[in-house]
Amino acid sequence: MTTTSVDERPVPAEDVIGRPSAGGHLKDRAFKAGLIGLTSVGLIVLAVLLVTTFLDGAPSLSLEFLTSFPSAFPEKAGIESAITGTLWLMVIVGAVIIPLGVATALYLEEYADVNRWWNRVIEVNIQNLAAVPSIVYGILGLAYFVRGPLSLGRTVLAGGLTLSLVVLPVVIITTREAIRAVPPSIKEGALALGATRWQAIWRQILPASVPGIATGVILSVSRAIGETAPLILVGAATFVAFNPTGLDSPFTALPLQIFSWTSQPDEDFKALAAAAIIVLLVILAVLNGLAIWLRNRYQRKW
Amino acid sequence: MFGAPRRRLGERAIAVGLAAAAAASVLVTIGIIVSLTGETLAFFADRAVKVGQFLTGPEWSPLFSDPQFGIRPLVQGTLIITLIAMVVAVPLGIGTAAYLSEYASPRVRKAVKPTLELLAGVPTVVFGYFALTFFTPKILNDILGLDVAVFNGLAGGIIVGVMIIPTVASVAEDAMAAVPQGLREGAYGMGASRRQVSVRVVIPAALSGIVAAVVLGASRAVGETMIVLIAAGQVPTTSLNPLKPMETMTAFIGATGKGDVPTGSTGYKAIFAVGFTLFVITLVINLISIRFVRKYRQVYE
């Protein structure tokens, strides 16, 4: 820092205080333009992806497509079983990650003494789990849920449990942030009035952080239903011509159906994949919109 | 209002219950390690497989009648794809972070950041579809005139790179935003321009966070499955040509796990042996990244 700007033309005096000039220096302008260019690449790819996929898939979209089962004939094939499978997965994932994620986050924020080694192990462990490739969770699900100890078989329950583990670290991390956003004075006030630790948490901290927690849970569920790799391993089938009837039912899901159709050499099936992608993206957009709405509507500024 | 005096017992029970939930997350890691290690040991207990051959052998064909168990082609495929992805994601991610942190007005930032989050929210199977049906035929083949195969490492790598831009950008931007304003003002006071402040003050000061962002991005690239499974092909090879099909560790696991693999079969055990290798590689990368993140948080908080 001590050598800053010695080799450059002096900046006009009015620019030294406050914002330095964006114009004037060619290099500065070029640098800014370069950064804007780099930033826009990601956005452009996203736009191209959405437009081309929509153009590929829109002709195949119809009510019939949404209410038919997979078929060997592209003109008859649909995604009803994939949609119901995905809904089942959402419910299971929500039921697992809300209690487990909130409890873990509460423990880490309100109870854990960070000076204890085991609490640091839990912290690092969660950070690491968040970055473990999702397919590794698929292997875990195959070994423990489908086969081995639980032996659930290739069922929607095994798939839901596996996806729950994939997104559990995300729920824990976002819930901790929501809890941390509640000012300590709220809890201290409750404790000063004679509340126990749990009473302060249950009646003050949790109600105040519900919007943040709900946002995190919805985003996690939406990440879970876009996951494909773990489901491949826990053996969701791609040709399932019926809706799941219970937790022990075989199932398929939207991303799997997309993968299966994308892998077909036949162009007609690729169009079906694009149509299914549109449906999946619409579901994700609705979930994300809901999360953003919750965040804006209910999040309190302290 | 606050209940009966017996509550102390309830308080302890709640604390224990919450601690048990937290401990469950550690069980997940233990479960991963135990299941991977167990089957991997079984894999090597097979007389057909030797550890030395596994680590260095140039051919991977575990399901053939004359099976070869050299994991080098899969590791090499993973490294090439990751390298291509990083060539794409490092400049784009860091450039985006620098723009958002140092140049963008609050309004622009408010529009760009959620859009980048959208990019991060696109399921990877969708990126895979895009790479296979649009990027390879239209961009690489038609526009750039490259003689690419239908399945090729280049398209897989580039699209994986696009997928991890938001990861790299958001961690790097956090690090840049954590640089104290006083450092910037000091530089401005000495007559530096905004570009000079960005390049010579903010980026060096945020370096450990930026390194963490890159390392985290690399970890995501190594573990990405669907894009490479769909777009890069399923041909284990030691060829370095990215215009040809190649297979990564993740793609092998996905392709083999697709069918109903019988427990105890060679294919089943091979999934675990490759998964074990993948897990160890990403674990090392993740721990490095966690260390760097901690470093930049310590400096300025």
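A nonpolar core is a set of buried Ala, Val, Leu, Ile, Met, Phe, Trp, Tyr and Cys residues joined through C-beta atoms within 7 Å. A residue is buried if 20 or more other C-beta atoms lie within 10 Å of its own, exposed if 12 or fewer, and partly exposed in between, with C-beta atoms placed from the backbone. The model is predicted: local features need pLDDT of at least 70 and side-chain atom pairs pLDDT 80 or more, while totals for chains, interfaces and linings use all residues. Residues are numbered from 1 along each chain as its sequence is written, and chains are lettered from A and ligands numbered from 1 in the order in which they are written.

The largest nonpolar core has 188 residues, and those with the most contacts inside it are A:Ile139, A:Ala276, B:Ile159 and B:Val168. Contact between two residues requires C-beta atoms, placed from the backbone, within 7 Å. Beyond four places in sequence, A:Ala276 touches residues including A:Ile79, A:Leu254 and A:Trp261.

Helices are DSSP runs (H or I, at least four residues), numbered from the N terminus. Helix 6 of chain A is largely enclosed by the rest of the structure, because 13 of its 13 residues are buried. A:Gly148, which follows helix 6 of chain A, has a positive phi near 55°.

The contact between the chains takes 79 residues from chain B and 79 residues from chain A. The side of chain B divides as follows.

| Class | Residues |
|---|---|
| Nonpolar (Ala, Val, Leu, Ile, Met, Phe, Trp, Tyr, Cys, Pro) | 46 residues |
| Polar (the others, Gly among them) | 26 residues |

B:Thr263 is exposed, with 12 other C-beta atoms within 10 Å.

Key
Helices (H or I, at least four residues) and strands (E, at least two) are DSSP runs, numbered from the N terminus.
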